[in-house]
Amino acid sequence: MSEPPATPRTEPFKAPVGTRDVLPPESARWQALIAAFATHVERAGYGLVQSPMFEEIGVFTRMGEGTDVVRKEMYDFLDKGDRHLALRPEGTASVARAFVQHRPPTPWKVWYAAPSFRYERPQAGRYRQHHQLGVEAVGSADPDLDVEVIALLWDFYAAIGLRRVELVLNSMGTAADRRRYIDDIRSYLVGKLGELDPTDAEKVEAHPMRVLDSKRPVTIAAIADAPRITDRLSDEGVAHFERVQAGLRAVGIPFRLEPRLVRGLDYYTHTTFEMVSGALDAAQSTIGGGGRYDGLVESLGGPPTPGIGFGSGIERVLLTCDAEGVFPAPPPRTEVYVVDTAGGDSARDLTQQLRRAGIAAERAFDGRSMKSQMKSADRSGAGLVLIVGPDELAAGTVTVRAMRGERQQHHVERAAVVAVVAELLDASPDHVAAPL
RNA sequence: GUGGCCGUAGCUCAGCCCGGUUAGAGCGCCAGGUUGUGGCCCUGGAGGUCGGGGGUUCAAGUCCCCUCGGCCACCCCA
């Protein structure tokens with residue numbers, strides 16, 4: 001361990017590099033997004049799965065020993081029992097591990113909203129701790145399940161108001177197709193070695209497919225006639241992919257085929273896809289992606305079991321919502337604000353009574369002025385204000401005032417005020433009483 | 001990991017190039033104008049280690065070096 005600082009620390013603490021706090025009102029937007037996602041996918045039969053934030057590192061290295069995520073971005077550590085663990089870099093591997101461990105009935109359809117960790121240099125839409133919404137469907141190889149999963153993500157984006165999203169689709173074929181294609185593309189690239197950008201040339205041996213989606217002009221020009229994986233699929237691979245495309249057309253989801261779409265994790269087979277936002281200027285325009293991983297469960301010690309899923313970054317989705325001007329933070333949900341300029345007993349007691357009656361009630365503290373309390377009441381979004389000043393206190397009444405519409409104001413017996421407020425709120429459209 | 005730009009009030013920023021009295025603005029916050037009533041307006045107030053450390057200088061927010069942090073691009077990905 002490093003030595004403690006000699007003098008008391010004076011620099012204020014900050015969140016670690018690449019992490020951030022999500023505070024109100026932005027956090028309300030997060031809650032709303034997750035709630036919308038939960039409603040959406042639960043309607044399709046997906047149940048919530050909560051898996052640990054760290055696993056034995058082997059769970060994640062199955063994603064591909066050669067991938068950047070495994071090679072240089074893993075937050076791994078030894079615990080006090082010398083176990084080699086890692087913070088999860090993505091959601092799928094943990095879910096697959098849980099499947100192997102518990103062997104639930106298939107198809108096992110689950111969703112999650114969980115943080116992921118990657119040691120990267122932060123940027124807009126890229127963090128060391130980011131959060132993903134995702135689903136996994138394990139135990140069926142039916143291409144119609146691919147359609148269901150893709151449609152789930154597509155429709156979710158539409159439901160929250162996003163319009164400028166493009167679905168990019170590719171297929172890796174069967175595991176054998178993929179292996180064969182990797183050999184083909186490597187031989188092809190070895191022949192082009194001199195023409196490639198040096199940075200790409202280095203990847204040919206270990207990661208030939210990575211070269212395909214290079215952004216470097218030199219490389220792009222050199223590999224224009226590279227063999228396409230979709231031209232090299234086996235009959236089985238073709239049949240699966242065609243059924244998926246037919247399904248997407250049938251349910252009205254447009255897509256663009258991109259034979260060079262290569263995803264960063266090695267476990268994918270058959271369908272792979274990304275959702276790209278046309279509204280994002282940043283380099284991080286992929287807001288969601290996923291695919292089939294028919295070999296992953298087996299590689300984690302389970303029986304041969306197919307699976308498919310997607311992950312979508314909450315931060316990036318919200319960034320896209322900003323860019324498209326949709327899905328704003330929900331307004332504060334205070335219904336009643338209690339203003340008390342007569343000592344504070346009424347504010348203390350009335351807010352409690354209101355809350356116990358299922359009414360969202362707020363108040364000010366520290367004996368602020370009437371004006372200040374009214375200001376807070378306004379900002380809270382409350383439609384009703386209950387005012388207790390010396391006059392009301394003496395008379396045993398409460399002044400009930402409507403903040404919007406006609407500003408009517410009337411006096412109510414203290415003992416009846418909660419019932420009166422409840423009645424007024426029941427008449428308003430967006431009140432949902434939720435008594436304890 | 002590589003490269004570029006940038007760190008001044010809670011937030012957004014001016015001041016830095018050409019060093020020199022108590023470091024400014026807008027927004028936000030608090031109070032008052034309106035001795036019991038929000039939004040608009042007016043007035044006043046609080047709030048600053050000028051990211052941190054070192055150096056140059058009679059003098060550093062301003063010049064130099066280091067460091068930390070942020071943003072952006074590469075890389076990679078959500």
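Q: What share of the 436 residues of chain A counts as buried?

A: In chain A, 38% of the 436 residues count as buried. A residue is buried if 20 or more other C-beta atoms lie within 10 Å of its own, exposed if 12 or fewer, and partly exposed in between, with the C-beta atoms placed from the backbone. The model is a predicted one, in which local features need pLDDT of at least 70 and side-chain atom pairs count only at pLDDT 80 or more, while totals for chains, interfaces and linings use all residues. Residues are numbered from 1 along each chain as its sequence is written, and chains are lettered from A and ligands numbered from 1 in the order in which they are written.

Q: How does the radius of gyration of chain A stand against that of a compact globule of 436 residues?

A: Chain A has a radius of gyration of 28 Å, whereas a compact globule of 436 residues would have one near 22 Å. The radius is taken over C-alpha atoms, and the globule rule is 2.2 Å times the number of residues to the power 0.38. Along the principal axes, the C-alpha atoms of chain A fill a box of roughly 95 × 65 × 45 Å.

Q: How many helices and strands are there in chain A?

A: Chain A contains 16 helices and 16 strands. These are DSSP runs numbered from the N terminus: helices are of type H or I with at least four residues, and strands are of type E with at least two.

Q: What is the order of the strands in the open sheet of eight strands?

A: Strands of a sheet pair through backbone hydrogen bonds, either parallel or antiparallel. Here the order is S1-S5-S6-S11-S10-S9-S7-S8, with mixed pairing; two strands count as paired if DSSP finds at least two bridges between them. S1 (47-48) and S8 (256-257) are the edge strands, each pairing on one side only. S7 and S8 run parallel and are joined by two bridges, and valine 168 has arginine 256 of S8 as its bridge partner. Helix H5 (residues 143-159) packs on this sheet, where it touches S6 (129-138), S7, S9, S10 and S11 (307-313), and its direction makes about 15° with that of S11. Helix H10 (residues 235-250) also packs on the sheet, touching S7 and S9, with its direction at about 35° to that of S9. Such angles run from 0 to 180 degrees between N-to-C directions, and the axes are lines fitted to C-alpha atoms, for helices over the stretch in contact.

Q: Is strand S9 mostly covered or mostly uncovered?

A: Strand S9 (residues 269-277) is mostly covered, as eight of its nine residues are buried. S9 pairs with S7 (residues 165-171) in the antiparallel sense over seven bridges, and threonine 272 in S9 is the bridge partner of asparagine 170. S9 also pairs with S10 (residues 286-292), again in the antiparallel sense, over six bridges. In that pairing methionine 275 stands opposite glycine 288 of S10.

Q: At what angle do the axes of helix H1 and helix H12 cross?

A: Two packed helices are described by the angle between their axes and the distance between the axes. The axes of H1 (residues 26-42) and H12 (residues 314-324) cross at roughly 105° and come within 11 Å. The two helices are therefore roughly perpendicular; angles under 35 degrees count as roughly parallel, over 145 as roughly antiparallel, 65 to 115 as roughly perpendicular and the rest as oblique. Arg29, Trp30 and Leu33 of H1 meet Ile314, Val317 and Leu318 of H12, a contact being a pair of residues whose C-beta atoms, placed from the backbone, lie within 7 Å. The residues of this contact comprise five nonpolar, no polar and one charged. Nonpolar here denotes Ala, Val, Leu, Ile, Met, Phe, Trp, Tyr, Cys and Pro, charged denotes Asp, Glu, Lys and Arg, and the others, Gly among them, count as polar.

Q: Why is H12 described as largely enclosed by the rest of the structure?

A: H12 is so described because eight of its eleven residues are buried. Among the elements that cover these buried residues are H1, S6, S9, S10 and S11. Just after H12, glycine 325 takes a positive phi of about 65°.

Q: Which strands stand at the edges of the open sheet of five strands?

A: The order of this sheet is S13-S12-S14-S15-S16, with mixed pairing. S13 (361-363) and S16 (409-413) are at the edges with a single partner strand each, so one side of each has no neighbour in the sheet. On average, neighbouring strands of this sheet are turned by 30° against each other, direction ignored. Helix H13 (residues 345-356) packs on the sheet, touching S12 (336-340), S13 and S14, and its direction makes about 165° with that of S12. Helix H14 (residues 370-380) packs there too, touching S12, S13 and S14, at about 175° to the direction of S12.

Methods. Two residues are in contact if their C-beta atoms, placed from the backbone, lie within 7 Å.
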